[in-house]
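I am opening this notebook to record what I looked up in the structure, one topic at a time.

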Amino acid sequence: TRNYRIAVIPGDGIGIEVVDAGLHVLDYLANESNGDFTFETDFFPWGCEYYLENGKMMDEDGVEKLSDYDAIYFGAVGFPGVPDHVSLWGLRLAICQGLDQWANIRPVEFLPGVPRRLNHPDVDNLNWILVRENSEGEYSGVGGRNFSGREGSNEVAVQSALFTEKGCERIIRFAFDLARTRKRKKVTSVTKSNAQQYGMVLWDEVFARVSKEYPDVETDQWLVDAMAAQFVLHPEELEVVVASNLFADILSDLGSALAGSLGIAASANLNPVKRTPSMFESVHGSAPDIAGKGIANPIGTIGSAALMLDHLGLSEEASRINQAIEETTRQGILTRDLGGTHNTAEITDAIIKNLSKRKLEV
Ligand code: NAD
Ligand code: MN
């Protein structure tokens, strides 16, 4: 029996509901494997409620506690009552940066049966993958308040973006390596190096240098504003898109909305080199507007469980989850964000039913 130790952090809002849905899927697969593999899950009750009780988003040694798990399964963080920058920095960014998960991959998939937001002749065959620099850039936390010297009046605040050659190189190299595993072998780099003349120009120089080592990979370079339009107008040109922390964050919400909803996008925070645990989470946030109603779309978080299983070496189970998700949307079993009427539990049950059907066929 292979036992996988998974740290579970449901977090806040719908994070709690969609992680619960994902764990049902994992439970089903472990039971069905008849002892071939098991998941040992430990829950960490960190988040905004924890903050209001304890004055901190997670334990001081939280990152250390997580460091010997095989993987981390994460919901979402943030809730009214705690400032968003406190909750994000105190939990998600603390973990990503603390465990040096510098590569965030976010596939954009167009599922069958989902109403199309995008008018494109080949919409059913679109899919691309965002590679997000996940350790520095605009989310380095460099800056400060009150630069004018006088609090309150005409305050000046500085928010800097920090780019290192090492940070740029490893994420760009990661994108090229990923592109080599894909059909078209193409990397699109996104910057804003016309306006941001330091960090983004360093990024461009590193991109030019690394690309020489991958003559078999096609390259393309875009400014982020034009890339936002390209996502809508010519997404068939995209395969692997690599961008800084902020730009890829924004583009991944755009990508998931084009594919149907924020609720369907999965993501993995990886350290591809070190053996620190990786963290798997949907792209969306805690959605306080629909939290507690049981109507959140669990597909992004269940898809993130598939990315987790793939990472753990259970690639057959991972692709079965993805097939079961596709089967479910093809059947028109959809949550409200996709124009359907089903709730979180019904989608999850349908996905599990489709998983079991597939097992019988095999
Ligand atoms: P959000 O992603 O939580 O929600 C944006 C909109 O999309 C809302 O209308 C919401 O109802 C909808 N939506 C999101 N996920 C959905 C799902 N699974 N099913 C159905 N509808 C869904 O973004 P926001 O409103 O900007 O942020 C809310 C909170 O989440 C804030 O505190 C923010 O800081 C936090 N946040 C956390 C993360 C994270 O933990 N990784 C990411 C983004 C935002
Ligand atoms: Mn985001």
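**Entry 1: Phe 37 and its surroundings.** I looked up the contacts of Phe 37 and, leaving aside residues up to four places away in sequence, I found that it touches Thr 1, Arg 2, Tyr 4, Ala 30 and Leu 314. I note here that I am reading a predicted model. Phe 37 is found in strand β2, and with 17 C-beta neighbours inside 10 Å it counts as partly exposed. I also took the C-alpha to C-alpha distance from Phe 37 to Lys 185, which is 35 Å, for a separation of 148 residues in sequence.

**Entry 2: pairing of β3 with β12.** Strand β3 (residues 71-76) and strand β12 (residues 278-282) are joined by 3 bridges in the parallel sense. For Tyr 73 I looked up the bridge partner in β12, and it is Phe 280.

**Entry 3: β4 and its two partners.** Is β4 mostly covered or mostly open? I found that 7 of its 7 residues are buried, and the burial holds for both faces, with Ala 103, Ile 105, Pro 107 and Glu 109 on one side and Asn 104, Arg 106 and Val 108 on the other. β4 runs antiparallel to β5, to which it is joined by 7 bridges, and Val 108 stands opposite Trp 128 in β5. β4 is also antiparallel to strand β11 (residues 266-270), here with 3 bridges, and the bridge partner of Asn 104 in β11 is Asn 269.

Entry 4: Just after α1, Asn 34 takes a positive phi of about 55°. Gly 35 lies in the loop between α1 and β2, and it is exposed, with 9 other C-beta atoms within 10 Å. From Gly 35 to Leu 338 I noted 37 Å, C-alpha to C-alpha, over 303 residues of sequence.

**Entry 5: positive phi elsewhere.** I kept in mind that most residues other than glycine have a negative phi. Against that background I listed Lys 185, which is not a glycine and has a positive phi of about 55°. Lys 185 lies in the loop between α5 and β8, where it is partly exposed, with 17 other C-beta atoms within 10 Å. Ala 287 also has a positive phi, near 40°, and lies in the loop between β12 and α9 (299-312). Is Ala 287 buried or exposed? It has 22 other C-beta atoms within 10 Å, and because 20 or more are enough to count as buried, Ala 287 is buried.

**Entry 6: Arg 173.** The place of Arg 173 is in helix α5 (residues 165-180). Arg 173 is partly exposed, with 17 other C-beta atoms within 10 Å, and its C-alpha is 25 Å from that of Ser 67, 106 residues away in sequence.

**Entry 7: domains.** The protein chain is divided into domain 1 (1-106 + 261-362) and domain 2 (116-128 + 137-259), and their C-alpha centres lie 25 Å apart. How many residues of each domain are in contact with the other? I found 10 residues of domain 1 in contact with 9 residues of domain 2, and those on the domain 1 side divide into 8 nonpolar, 1 polar and 1 charged.

How values were computed
Residues numbered from 1 in each chain as written. Chains lettered and ligands numbered in written order. Predicted model: local features only at pLDDT ≥ 70, side-chain atom pairs only at ≥ 80, totals over all residues. Pairing = 2+ DSSP bridges. Helix = DSSP H or I, 4+ residues; strand = E, 2+ residues; numbered from the N terminus. Domains from an automatic or database assignment. Contact = placed C-beta atoms within 7 Å. Nonpolar A, V, L, I, M, F, W, Y, C, P; charged D, E, K, R; others polar. Buried ≥ 20, exposed ≤ 12 C-beta atoms within 10 Å, placed from the backbone.
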